[in-house]
Amino acid sequence: MRAATGKPLLDTVLGFRQPRPPIWIMRQAGRYLPEYRATRAGTTDFLQLCYTPALATEVTLQPLRRFALDAAILFSDILVIPDALGQRVRFETGEGPVLEPLDVAGIARLARLDPGTVLRHLQPVLETVANVRAAIAPTQTLIGFCGSPWTVATYMLGGKGSADQAAARLFALNEPVAFAQLIDVLIDASIAYLVAQLRAGADVVQLFESWALNLDEPAFRERVIAPNRRIVEGVRAQIPEAAIIGFPRGAAGMLAAYASETGVNLLGLDYATPTGFAATALPPDLGVQGNLDPLRLVAGGAQMAERARDIIAAFADRPHVFNLGHGIVPQTPIEHVAALVDIVKNG
Ligand code: CP3
């Protein structure tokens, strides 16, 4: 096991239990903060914000100025990979991301790209990593991330977010060869991108598998477990001690298989996962992250405090990073975030 570093959140990912769980909040830089909305209002589009290091650094640091969080998460998006691969991505207000859906010929074009293309395009994001590293306290952890291949592919194949990912699920079944080629392209790009983030100063990286739900067992093994495992192995082939969090949202009955077969250091739990599940289904030393329902944070008050304390108590015997069970939503009152951080820090 890697030695402790003195950064409580990184150390928890590495397997060292802390007296109180460290905390960060998924999507902690975002529209619930007025200062984020002000910075965003000065940009023409969302990707411009991601690709301008001074602005991306500023919004990464905004939540750390307000709350006693243990980590900064790089401000970027999972869809910068398709953008870097040349598939145009637009973010429409109120509509979410919009892409021109890929077909078999488009995938063949991606597979022929020069492998250096992605990192050249994402150079400004790596610059943001280095800027943030220099700006945060030595005890704070810097989290980098990418989307896992299946989740990113659902947007690349469907052209937008959807409730059931039907376009991508059908494409995977009807065009297995092209689908496998797309997953291979995304695995290679993700490994290169995560290694570059770790070398630029990220302490930990998180794999966001936000659409691990809606898959049957063979599909989950092929599209989620195998690619996440190949990324973990590919990153560790270059950085053997890389600290990696996996967040397979909606994995449900496949969660234990994901944890043991991918080799991630810490398992992110969505809010629908019962806290008792970890005790019965996971190895006793495997750390977990989560898993407060983001709407409990919107509603706030006694129900939020009670649930947060129950989650902390349930995971007290293993490494635990406190977090929401999915991203914070724009209507979240700032005072509720401050109250939650206080409960996690002080009981
Ligand atoms: O603070 C942070 O956590 C870092 C930044 C971050 C963003 N997106 C910024 C963002 C991170 C880690 C992400 C991850 C991401 N992006 C995921 C995985 C996490 C999850 O929520 O499941 C996914 C699926 C995406 C794709 C994406 N990006 C969608 C579907 C949308 C539109 C919906 C929405 O929430 O607005 C985005 C846009 C986006 N990414 C915004 C932010 C702050 C809002 C855009 C804006 O400011 O106009």
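1. The loop between β6 (243-248) and α13 (255-262) contains A252. In this predicted model, A252 has a positive phi of about 45° although it is not a glycine. Most residues other than glycine have a negative phi. A252 has a relative accessibility of 52%, so it counts as exposed, the cut-off being over 50%.

2. R27 is another residue to check for its backbone angle. Its phi is near 65°, again a positive value in a residue other than glycine. R27 lies in the loop between α1 (8-13) and α2. With 53% relative accessibility, R27 counts as exposed.

3. The peptide bond from G290 to N291 also deserves a look. This bond is cis, with omega near -15°. Most peptide bonds are trans.

4. What is the strand order of the open sheet of 7 strands? The order is β1-β4-β5-β6-β7-β8-β9, and the pairing is parallel. β1 (71-73) and β9 (320-324) stand at the edges. Each of these two has a single partner strand, so one side of each is left without a neighbour in the sheet. From one strand to the next, the twist averages 25°.

5. One pairing can be followed in detail. Strand β7 (residues 266-268) pairs with strand β8 (residues 287-292) in the parallel sense, over 3 bridges. Within β8, G287 is the bridge partner of L266.

6. Helices pack on this sheet. Helix α11 (residues 176-200) touches β4 (141-147) and β5 (204-209). The direction of α11 makes about 170° with that of β4. Helix α16 (residues 301-314) lies across β8 and β9, and runs at about 165° to β8.

7. Helices also pack against each other. Helix α2 (residues 34-41) and helix α4 (residues 53-66) pack at an angle of about 170°, and their axes are 9 Å apart. An angle over 145 degrees counts as roughly antiparallel, so α2 and α4 are described in that way. On the α2 side, the contact is made by P34, E35, Y36 and T39. On the α4 side, L55, E58, V59, Q62 and R66 take part.

8. The aromatic rings come next. A pair of aromatic rings is described by the distance of the centres and the angle of the planes. The model has 6 aromatic pairs. In one of them, the rings of F46 and F75 have centres 5.8 Å apart and planes at 75°. Planes over 60 degrees apart count as edge-to-face, so this pair is edge-to-face.

9. Where in the chain do F46 and F75 lie? F46 is in helix α3 (residues 46-50), while F75 is in the loop between β1 and α5 (80-84). They are 29 residues apart, and the pair links distant parts of the chain. Both F46 and F75 are buried. These two residues also belong to one aromatic cluster, formed by Y36, F46, F75 and F91. Y36 is one of the residues of α2 in the contact with α4.

10. The rings of F145 and F208 have their centres 5.5 Å apart and their planes at 85°, so this pair is edge-to-face as well. F145 is in strand β4 and F208 in strand β5, 63 residues apart. This pair, too, links distant parts of the chain. Are F145 and F208 buried or exposed? F145 is buried, with a relative accessible area of 6%. F208 has a relative accessibility of 10% and counts as buried.

11. Charged side chains are found over two tryptophan rings. R223 lies over the face of W150, at 5.0 Å from the ring centre. The charged end of R249 sits over the ring of W211, 4.9 Å from its centre.

12. The last point concerns A166, which is found in helix α10 (residues 166-174). A166 has a relative accessibility of 31%, so it counts as partly exposed. How far is the C-alpha atom of A166 from that of T154? The two C-alpha atoms are separated by 8.6 Å, and the residues are 12 apart along the chain.

Conventions: Residues are numbered from 1 along each chain as its sequence is written. This is a predicted model: local features need pLDDT of at least 70, side-chain atom pairs count only at pLDDT 80 or more; totals for chains, interfaces and linings use all residues. Side-chain values use heavy atoms; hydrogens and water are left out. Two strands pair if DSSP finds at least two bridges between them. Helices (H or I, at least four residues) and strands (E, at least two) are DSSP runs, numbered from the N terminus. Axes are lines fitted to C-alpha atoms, for helices over the stretch in contact, and angles run from 0 to 180 degrees between N-to-C directions. Contact means heavy atoms within 4.5 Å. Rings of Phe, Tyr and Trp (its six-membered ring) pair if their centres lie within 6.5 Å; planes under 30 degrees apart count as stacked, over 60 as edge-to-face and the rest as tilted. Buried means under 20% relative accessible area, exposed over 50%, partly exposed in between (1.4 Å probe, protein chains only). A charge sits over a ring if NZ of Lys or CZ of Arg is within 6 Å of the ring centre and within 35 degrees of the ring normal. Angles under 35 degrees count as roughly parallel, over 145 as roughly antiparallel, 65 to 115 as roughly perpendicular and the rest as oblique.
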